[in-house]
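Let's take a walk through this model together. Have the sequence and the 3D view open as you read.

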Amino acid sequence: GVNVMIVDSTALLEQVVDDVMTSAVASAGQRCSALRLLCVQDDVADRLIDLLVGAIDTIVVGDPADPATDVGPVISMRAAEILRAHYLRA
């Protein structure tokens with residue numbers, strides 16, 4: 001299935017960022033329950049994108065044995081290439 005989050009103008013955007021980071025980013029999207037689709041009302045989209053970019057910029061990718069690491073390696077080189085392509089488009 002596709003796990004979806006819908007965000008309207010009544011949402012607390014800081015909480016949305018926390019939830020997106022937990023569901024979509026913390027496992028590098030490699031869980032079956034990971035967030036796959038984020039639908040955001042136009043009124044708050046720009047602000048939410050700014051907050052998400054800021055949060056993503058703080059992530060430390062690296063060795064999962066290192067306590068400073070937020071996100072460990074992905075399952076394959078192909079998965080890494082897909083993630084890198086999404087990042088470069090942003």
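Predicted model: local features only at pLDDT ≥ 70, side-chain atom pairs only at ≥ 80, totals over all residues.

Residues are numbered from 1 along each chain as its sequence is written, and side-chain values use heavy atoms, with hydrogens and water left out.

How far does the predictor trust its own work? The score here is pLDDT, the predictor's confidence in each residue on a scale from 0 to 100. Its mean over the chain is 86, with 91% of residues at 70 or more. Helix α2 (residues 42-57) has the highest confidence, at 95, while helix α3 (residues 77-89) has the lowest, at a mean of 79.

Now the overall layout. There are 3 helices and 2 strands in the chain, and reading from the N terminus the order is β-α-β-α-α. Helices here are DSSP runs of H or I with at least four residues, strands are runs of E with at least two, and both are numbered from the N terminus. Of the 90 residues, 26% are buried, where buried means under 20% relative accessible area, exposed means over 50%, and partly exposed is in between (1.4 Å probe, protein chains only). As for contacts (heavy atoms within 4.5 Å), 59% of those between residues at least 6 apart in sequence join residues at least 24 apart.

Val 2, Val 4, Ile 6 and Leu 37 make a nonpolar patch of about 390 Å². Patches are built from residues with over 30% relative accessible area and no salt bridge, joining like charges within 9 Å and nonpolar side chains (Val, Leu, Ile, Met, Phe, Trp, Tyr) within 5 Å. Val 2 sits in the segment before β1 (3-7) and counts as exposed because its relative accessibility is 56%. Leu 37 belongs to strand β2 (residues 35-40) and is partly exposed, at 39%. Leaving out residues up to four places away in sequence, Leu 37 touches Val 2, Asn 3, Val 4 and Met 5.

Move over to helix α1 (residues 13-25), where you'll find Ser 23. Is Ser 23 buried or exposed? It's buried, because its relative accessibility is 17%. A polar atom of the Ser 23 side chain lies 3.0 Å from the backbone nitrogen of Leu 35. Beyond four places in sequence, Ser 23 touches Arg 31, Ser 33, Ala 34 and Leu 35. Asp 19 is also found in helix α1, and its C-alpha is 9.2 Å from that of Leu 35, 16 residues away in sequence.

The whole structure has 1 salt bridge, meaning a side-chain nitrogen of Lys or Arg within 4 Å of a carboxyl oxygen of Asp or Glu. Glu 81 pairs with Arg 78 here, the closest N and O atoms being 3.7 Å apart. Both lie in helix α3, 3 residues apart, about one turn of the helix. Glu 81 is partly exposed at 39% relative accessibility, whereas Arg 78 is exposed at 54%.

Technical notes. Areas by Shrake-Rupley, 256 points an atom, 1.4 Å probe, with all protein chains shown as cover. Polar contact = N/O pair within 3.5 Å; in protein donor to acceptor, adjacent residues only side chain to side chain.
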